[in-house]
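Have the viewer open as you read.

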2 protein chains.
Amino acid sequence: MSRSERLLDLIQCLRRHRRPVSGQLLAAELGISIRTLYRDIATLQGQGAPIEGEAGLGYVLKPGFMLPPLMFSDEEIEAIVLGSRWVARQPDRRLSAAAVNALAKIAAVLPDDLREDLDASTLLVGPSAQAIEGIDLGTVRQAIRNERKIGFLYQTAGGAASQRVVWPFALGFFDKVRVVVAWCEMRQDFRHFRADRISGLNATETRYPRRRQVLLKEWRATFDKPRES
Amino acid sequence: MSRSERLLDLIQCLRRHRRPVSGQLLAAELGISIRTLYRDIATLQGQGAPIEGEAGLGYVLKPGFMLPPLMFSDEEIEAIVLGSRWVARQPDRRLSAAAVNALAKIAAVLPDDLREDLDASTLLVGPSAQAIEGIDLGTVRQAIRNERKIGFLYQTAGGAASQRVVWPFALGFFDKVRVVVAWCEMRQDFRHFRADRISGLNATETRYPRRRQVLLKEWRATFDKPRES
DNA sequence: ACGGCTACTGCCAGAATCTGACAGTAGCCT
DNA sequence: AGGCTACTGTCAGATTCTGGCAGTAGCCGT
């Protein structure tokens, strides 16, 4: 196995173990010596990988992912950049910032001529409303990933507010605002909640009883049939 | 210089020369022997780089770009994927197809857990109108890159048609259709043309007298001032 | 404060890989 | 046919990588 492949494997290993893992163990998994492992880690860090090592604990990979060398056609790059620019204009602040960062990283490695070409491809959509975003969508994202229930106060369109406990499984856009898609315990049905009408969000440690993917699939299936609102 | 850096340099070299270039020359530029060059080219091709070599001619890199290993956070990846999905839904067929391909390439190297997370982030925008796209935007793209004039028949909103010769310098979206942004010789001013109202497009070899970037800059500047329509 | 665990660095000889040179085959072009 | 070029096989030498060892320093539980 070549060195570059092994470096990728090392990242995969670190991703698998969420908790800090000792270099000893990693070296064993990869079939290399500790010394070489240290060298590999140093190389990866040199390439920008956010690996953190603490004496007495082990290594953790801050959530993220290393894209291996990948070949894109001009048009594919254009599609990615255009799409990211669109995301950067969305009201979701976290995501918007992430898009800006991603664009910066890509632009940094793009050859000049290609960067110029991309400047000539402009997004003419009107300036999006800078919606205020009431809650921290990061919390929701984490709840989705860990399949945890969340509770919050929801302001309905009519003006009435109600306390909800829901099983969130997706996060989407709808008409410029982000919505949390979830199974609502109160209504015993799928509902979506506009992020800007949610307040008093609190994440719980209670796991909801079904798999996220299954909920997602069932929810999607409801689109193909007529449904009573 | 490490081998991996050299491979990247090789790509850059190939990008610079648009016409076929002999291995001899490439090897000299990189300061390596011919034999090693052949090995490097083989390695790159193994990684998916579209390098073509023909006996008696030399090497050409099909237009495109190799992204070096790059680190993205979860949110950055999400921004890119979400943006690309949006592009994939746009009416521009070429770009849409490119977005789909780019997504496939990214998905192929994404670890499973991250891919699942992304499934939970859905785009809820309504199905976009499948606009017919009258002309080949690839031709326009090329004219922009080479700063060539193009001529076409344009159907105005009123219904009248007129023959135009314009200096295209940008390609944008506007309300679900693609528009060509250009200096119009007839109007002696900046104009944008909806791609779906263009017909009889013909690319010329005539270079237009100003730099694309300059036109772009001036055109953008017109946004900041009041302008007579 | 202590011992155990761990991250990290410098060093060096052996292993693995890469490199350059040469010889030879085959395709494209004039 | 002849010149140019892309390719492949082989092999010794150069380069890099690797593993083991010794030593320093930080974190942790006792």
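A residue counts as near a strand here if its C-beta atom, placed from the backbone, lies within 6 Å of that strand. Keep in mind that this is a predicted model. With that cut-off, 23 residues surround DNA strand D, and the closest are A:S33, A:T36, A:G56, B:G23 and B:G53. On chain A, α3 (34-46) gives two or more residues to this surface, and on chain B the elements that do so are α2 (23-30), α3 (34-46), β1 (51-54) and β2 (58-61). The top contributor is α3(B), with 4 residues. Sorted by class, the surface near DNA strand D holds 10 polar, 7 nonpolar and 6 charged residues.

Now look at how two of those chain B helices sit against each other. From α2(B), the contact uses B:G23, B:Q24, B:L26 and B:A27, while α3(B) brings B:I34, B:L37 and B:Y38. That makes 5 nonpolar and 2 polar residues, with no charged ones.

Finally, turn to where the chains meet. Chain A and chain B each put 62 residues into their contact. On the chain A side, helix α4 (residues 74-88) supplies the largest share, 12 residues. That side has 37 nonpolar, 13 polar and 12 charged residues. The chains also pair through strands: β4 (residues 70-72) of chain A runs antiparallel to β3 (residues 65-67) of chain B, joined by 3 bridges. Across that pairing, A:F72 has B:F65 as its bridge partner.

Key:
Residues are numbered from 1 along each chain as its sequence is written. Chains are lettered from A and ligands numbered from 1 in the order in which they are written. This is a predicted model: local features need pLDDT of at least 70, side-chain atom pairs count only at pLDDT 80 or more; totals for chains, interfaces and linings use all residues. Ala, Val, Leu, Ile, Met, Phe, Trp, Tyr, Cys and Pro count as nonpolar, Asp, Glu, Lys and Arg as charged, and the others, Gly among them, as polar. Two residues are in contact if their C-beta atoms, placed from the backbone, lie within 7 Å. Two strands pair if DSSP finds at least two bridges between them.
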